[in-house]
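Please consult the sequence and the model while reading.

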Amino acid sequence: MVGFAVIGVLLVLAAIAVVVARQPVHSALALIAVTMGLAMIYLILSAEFLAVAQVIVYAGAIMVLFLFVVTLLTAGKEETESADTLEGQRWAGVILGLLVGGALAVTAVLHPAPKIAAPVVAGFGGLHAVGQLLWGPAFVMLAAVGLMLLTGVVGVLMLNRPEVAEKNAGGGRTLPAGVTVVRAEGEDSA
Amino acid sequence: MMINYVVALAALLFMIGAVGVLVRKNPLIMFMSAEMMWNAAALAFIAFARNYHDVTGQVMAFLIIATAAAEVGIGLAIMVAVYHRRHRLDIDEISHLKG
C-alpha cells in the first residue's frame, strides 16, 4: 500500500508535468515517467504480462515515435501558443475538468467494489492466462485489432505519399490569411 | 489491496489528460495528454480485473494498448502532413478538420 501511494503521487506529478511543460520534449519525458509508473502499478495488481507490454509498447515504441516527431518538427524552435479564439476557454476547461475528475475520484473512493476474499489463482495475469483468452473467446477482438493496425499502417502510407508531400512542401506559408481552402488544387488527380 | 484507490488514481490521470487536451494548443502535447487518458482507462480495466479475479479485463487493457499504438501512428502522420503544409505547430491550423 505504501508503494502504491508513493507511485501514485509520482504518477500524478508526472502527469501534471506532461500538461504544463513548455517544450514538447519535456512532455514526452514526463509521459515516459507516467508509463513506467503505470507499469509498476500493473505489477502490484498482478498483471505481469501487461506491465511488460506497457513498457515495450509505450516506452519502447510509442514514445520513440513521439520523440522522432518532436525532434523533426520542433528542433531549435521556441513556439509560443497563440491567443484563444474563444474567450476564457482555458479557465472553463480547467474548472470543468477538475470538477468532473474530482467527482469521479471521490465516487470511486466512496464506493468500493465488493471484494473476493480468496487470493488470486497462480498464474493470474501471466502470459499464459492472457493468451488463453486472447486466442480463445476474445479471438474476434484480437483479429479486429490486427485489422485495425493494418489499416493504420496503410493510412500512414497514404497520408505521407511522396508525390503529395512534394506538392505540399513550401506551399504553406504563402497562403494569405483568411483563406479556408485546405486541399491544394490538383491534389485530387495525384 | 484497496482497488477503489487505484480507480481513483485512474480517474485523476484521466482528468489531467482531459484538461491537457482542453487547455493546450500544441497538437503534440494534446496527443500525449490523450495517451494519458488511454492509459487511465487501461488502469481502470486492470484494477477491476484484479478485484474480480477475471483476466478478461487485462485482455481489454491489452487491446487498449494496441489501439493506442495505431492511433499514435495515424495522428503523428496527420501532424507531419499538416506541418509540411503550414509550418506551424498549432491546433488552430487544423480547425478546418472540424465537421
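In this predicted model, buried residues account for 22% of the 190 residues in chain A. The chain contains seven helices and zero strands, and its pattern along the sequence reads α-α-α-α-α-α-α. Among the contacts in chain A with a separation of 6 or more, 51% join residues 24 or more positions apart.

The largest nonpolar core comprises 77 residues. The members that touch the most other members are A:Val18, B:Ala10, B:Leu13, B:Leu43, B:Ile46 and B:Ala47.

The largest share of the core, 16 residues, is provided by α2(B).

Two residues illustrate contacts between the chains. Residues up to four places away in sequence are not counted for B:Leu13, which touches A:Leu11 and A:Ala15 in chain A, together with B:Met36, B:Asn39, B:Ala40 and B:Leu43 in chain B.

The second residue, A:Leu104, is found in helix α4 of chain A. Is A:Leu104 buried or partly exposed? A:Leu104 counts as partly exposed because it has 19 C-beta neighbours inside 10 Å, whereas a buried residue requires 20 or more. When neighbours within four places in sequence are left aside, A:Leu104 is in contact with B:Ala11 and B:Met15 of chain B.

Definitions and conventions
Residues are numbered from 1 along each chain as its sequence is written. Chains are lettered from A and ligands numbered from 1 in the order in which they are written. This is a predicted model: local features need pLDDT of at least 70, side-chain atom pairs count only at pLDDT 80 or more; totals for chains, interfaces and linings use all residues. A nonpolar core is a set of buried Ala, Val, Leu, Ile, Met, Phe, Trp, Tyr and Cys residues joined through C-beta atoms within 7 Å. A residue is buried if 20 or more other C-beta atoms lie within 10 Å of its own, exposed if 12 or fewer, and partly exposed in between; C-beta atoms are placed from the backbone. Helices (H or I, at least four residues) and strands (E, at least two) are DSSP runs, numbered from the N terminus. Two residues are in contact if their C-beta atoms, placed from the backbone, lie within 7 Å.
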